[in-house]
Amino acid sequence: MEVIATELATAGKSKQALTIVEKIQAIALQLTDAGEYTQALRVTHSITDDSIQSKTIHAIAPYLTTPTEHEQAIQVAKTITDYEQKAKALDAIVRRLVATGNPERAIQIAQTIQSYYGGKNQAMATIERYKN
């Protein structure tokens, strides 16, 4: 992991960096396949491309079951700087929180991205739909 981080730091925003980011994403997805969700989220945190990071969170989110995993995913998603990508990642987590019986936490997260849903009332209506 340290080698990958070093390569990312030296590669900058070049095509080579994108290749490295894609490799990091592949590692995160392999860890997900192996059931190592916490480790997959740690690796995902090191992805520097917002779009790829968001997509990786989307891929991992359906497997999260514990409050610790959910909170770790939320913290990773909050590091995404592009609002739309951050909102998509957080929405995937909101869906998972609802599916695992934690609608209260889902509401808290949804309120941080209300504008993604179209406002508070729409966010609440969306969460109700996720329950079904």
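User: Is Arg 105 buried or exposed?

Analyst: Buried means under 20% relative accessible area, exposed over 50%, and partly exposed in between, with a 1.4 Å probe and protein chains only. This is a predicted model, where local features need pLDDT of at least 70, side-chain atom pairs count only at pLDDT 80 or more, and totals for chains, interfaces and linings use all residues. Residues are numbered from 1 along each chain as its sequence is written, and side-chain values use heavy atoms, with hydrogens and water left out. At 19% relative accessibility, Arg 105 is therefore buried.

User: Which helix holds Arg 105?

Analyst: Helices are DSSP runs of H or I with at least four residues, and strands are runs of E with at least two, numbered from the N terminus. Residues 103–112 form the helix that holds Arg 105, and that helix is α7.

User: Which side chain makes a polar contact with the side chain of Arg 105?

Analyst: A polar contact is a pair of N or O atoms within 3.5 Å; within protein, one must be able to donate a hydrogen and the other to accept it, and residues adjacent in sequence count only if both atoms are side-chain atoms. For Arg 105 the distance is 2.7 Å, and the partner is Glu 71.

User: Which residues does Arg 105 touch, not counting those up to four places away in sequence?

Analyst: Contact means heavy atoms within 4.5 Å. With that exclusion, Arg 105 touches Glu 71, Ile 74 and Leu 97.

User: How far apart in space are Pro 67 and Leu 97?

Analyst: Pro 67 sits in helix α5, residues 67–78. Pro 67 is exposed, because its relative accessibility is 58%. In sequence, Leu 97 is 30 residues from Pro 67; C-alpha to C-alpha, the distance is 8.7 Å.

User: What covers the buried residues of α5?

Analyst: Among the buried residues of α5 are His 70, Ile 74 and Val 76. Their cover includes α3, α4, α6 (83–99) and α7.

**Aromatic pairs**

User: How many aromatic pairs does the structure hold?

Analyst: Rings of Phe, Tyr and Trp (its six-membered ring) pair if their centres lie within 6.5 Å; planes under 30 degrees apart count as stacked, over 60 as edge-to-face and the rest as tilted. The number of aromatic pairs is two.

User: What is the angle between the planes of Tyr 37 and Tyr 63?

Analyst: Tyr 37 is buried at 19% relative accessible area, and Tyr 63 is partly exposed at 41%. Their rings are stacked, 5.9 Å centre to centre, with the planes at 10°.
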